[in-house]
Amino acid sequence: MKLRTGTLALAALLSSTAAHAEGFLKVAGTEIVDGSGNPVILRGMGLGGWMLQEGYMLKLGEIGQQHRIRAKLVELVGEERTATFYRAWLDNHTTKADIDQMAKWGFNSVRLPIHFDQLTLPADKEPKAGQDTWHEEGFRRIDRLLEWSKANRIWLILDLHAAPGGQGNDLAISDRDPAKPSLWQSAENQRKTVALWAKLAARYKDEPWIGAYDLINEPNWSFATPGKGNGCDETESEAVWALQQRITKAIRDVDPKHIVIIEGNCWGNNYKGLPPAWDANMVLSFHKYWNRNDAASIAEIKALRTSYNRPIWLGESGENSNGWYQGAIGLVEGAGIGWNFWPLKKIGFNQPLEITPGEGWMKIVQWMTAKGPKPGTDEAFAAMMQLAENTRFDKNIPKPDVIDAMFRQPHDPAYRAFKARTLGTSPLTIAAADYDLGPPGTAYHDTVDANYHVATGGERTPWNNGTTYRNDGVDIAREPDGTASVTDFVTGEYMRYSADIARAGRWTVSARVRSGKGGRIGIDERGVAVPAGTAWQIVKLADVELPAGPGTATLRAFDCSDCEVAEIVFTPR
């Protein structure tokens with residue numbers, strides 16, 4: 001058994017200035033600064049799923065847009081009950097408790113993805129063409145979010161995530177109905193978009209804890225082939241720039257103070273044809289998903305920062321593994337770039353908070369995706385309301401491994417115990433899934449530890465094949481009783497386990513394992529055989545002498561193709 005002793009040194013992650021600065025954010029050359037002129041690195045999360053549902057967050061990626069999901073719910077339970085569900089969803093999904101916790105974790109900003117229909121009617125439903133009906137209830141929700149943000153000294157960034165008509169051919173992100181004119185195909189949708197931003201700016205012009213206005217999320221539109229492409233090959237994107245210039249002017253007519261954030265075509269990343277800077281207080285956003293975390297991945301946007309003399313901001317990223325998060329955040333912070341990851345919560349395992357859907361909601365999912373029978377009306381409504389209740393912060397499952405990857409690991413990549421544990425005079429059982437926190441290659445090694453499909457041009461690659469409990473490459477499954485165990489533990493992989501050893505002594509180390517084909521695992525250089533079988537079995541790994549103090553043990557798969565590990569037990573001798 002190889003042991004390491006010593007004290008883990010923790011880096012100071014946030015200076016008091018960066019974490020608790022005040023005043024309107026503004027642009028100073030290529031930096032974002034606070035009211036006192038201090039540079040600010042924005043660290044935030046997006047509230048995806050709250051005011052705009054994307055199908056994949058509800059296990060309904062096959063359905064896609066919110067309006068299609070809503071129509072299916074109406075078919076299931078009727079309009080009145082569907083409206084009740086959506087009101088409960090909005091009331092529960094994001095509350096002060098969420099923002100309080102974000103501040104405790106260390107976030108200093110939050111990005112609100114807004115569906116325009118929370119604030120105004122679609123153009124084709126206005127009682128009088130060319131005029132705007134405003135929904136005060138939606139504005140009041142933003143007011144409350146701002147109050148929670150103020151109380152926690154967090155900047156709120158307003159993001160028009162679903163513009164009137166929808167801004168691209170990636171339909172779900174803007175709830176676009178392709179049977180109707182898009183944002184780019186309708187002068188009235190564009191007029192309404194400008195009017196909406198003028199309304200928001202007039203309401204929040206004097207609010208210093210509004211951090212910025214993110215004008216149009218992820219334009220993705222090929223003007224040469226409308227309805228077919230996402231704008232990645234566009235060389236001019238004149239309409240994208242022209243509309244953002246119009247929005248900026250409308251904002252400046254009432255609000256000279258707040259930063260405006262612009263986004264390029266191709267999901268925010270194609271800045272070809274960008275006109276000269278049209279505002280002094282302007283930031284360029286880029287989005288980063290599923291590519292490598294190397295200098296080349298941000299070289300182009302960094303060059304634009306220099307040539308354009310404006311700050312850049314990683315306005316959206318995430319939906320990957322902890323190792324990828326650690327690498328991405330370390331990369332951009334090292335280049336003086338702030339970030340906002342996506343989303344704070346959803347049904348899924350790879351973000352700070354997990355929503356538990358409930359069995360009833362999953363029956364609805366099965367029906368909507370043509371994989372199961374139609375639930376009864378009362379049963380379905382009960383499941384919908386349970387899901388809405390489960391979106392509340394106090395019903396969410398927190399993911400400390402995700403937070404550690406975002407805040408500690410980019411600055412301190414050392415391993416540390418997933419849970420505090422002491423090896424003393426009694427046997428100590430460590431769940432195999434409770435291996436140490438830390439990046440791949442330090443806390444664990446797995447054959448696949450992130451999804452790089454954009455870089456490789458291949459298929460999306462799962463990292464944790466079981467998609468549960470933790471967001472690393474280690475594959476984790478659930479037993480029938482819900483207990484987490486490590487699965488797909490194959491040759492060359494390892495997991496590290498740290499503990500405080502109360503006194504020097506001798507221990508027997510064993511593991512509860514199984515392998516249909518048999519294999520070899522161990523905590524020393526030789527390992528021990530795992531007999532083939534389908535039942536869990538106890539295998540003695542080694543007798544070890546341990547000195548007092550911090551220590552670690554590393555469990556390795558020497559020869560395995562299907563090994564599984566439930567727990568490791570240290571028994572004093």
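Q: Which handedness does the crossing of α11 and α12 have?

A: The crossing of helices α11 and α12 is left-handed in this predicted model. Helix α11 covers residues 359-368 and helix α12 covers residues 377-390. They pack at an angle of about 115 degrees, and their axes lie 8 Å apart.

Q: Which residues make the contact between α11 and α12?

A: On the side of α11, Gly 360, Trp 361, Lys 363 and Ile 364 take part. The side of α12 contributes Glu 379, Ala 380, Ala 383, Met 384 and Leu 387. Sorted by class, the contact of α11 with α12 comprises 6 nonpolar, 1 polar and 2 charged residues.

Q: How many bridges join β8 to β9?

A: Strand β8, residues 282-288, is joined to strand β9, residues 312-318, by 5 bridges, and the two strands run parallel. Phe 286 stands opposite Leu 314 in β9, and His 287 stands opposite Glu 316 in β9.

Q: Is β9 mostly covered or mostly open?

A: A residue counts as buried when its relative accessible area is under 20%. By that criterion β9 is mostly covered, with 7 of its 7 residues buried.

Q: How many residues of helix α13 are buried, and against what do they pack?

A: Helix α13, residues 400-407, is mostly covered, as 7 of its 8 residues are buried. Among the buried residues of α13 are Asp 401, Val 402, Ile 403 and Phe 407. The buried residues of α13 pack against β3 (43-46), α4 (96-105), α10 (322-334) and β10 (338-342).

Q: Where is the pLDDT below 50?

A: For the protein chain, the mean pLDDT is 95, and 96% of the residues reach 70 or more. Over residues 1-20, however, the pLDDT is below 50. Beyond near neighbours in sequence, that stretch has 44 contacts in the model.

Definitions and conventions: Residues numbered from 1 in each chain as written. Predicted model: local features only at pLDDT ≥ 70, side-chain atom pairs only at ≥ 80, totals over all residues. Heavy atoms only, no water. Pairing = 2+ DSSP bridges. Helix = DSSP H or I, 4+ residues; strand = E, 2+ residues; numbered from the N terminus. pLDDT = per-residue confidence, 0-100. Contact = heavy atoms within 4.5 Å. Axes fitted to C-alpha atoms, helices over the stretch in contact; angles between N-to-C directions. Left-handed = near helix turned anticlockwise from the far one by under 90°. Nonpolar A, V, L, I, M, F, W, Y, C, P; charged D, E, K, R; others polar. Buried < 20%, exposed > 50% of the residue type's maximum accessible area, 1.4 Å probe, protein only.
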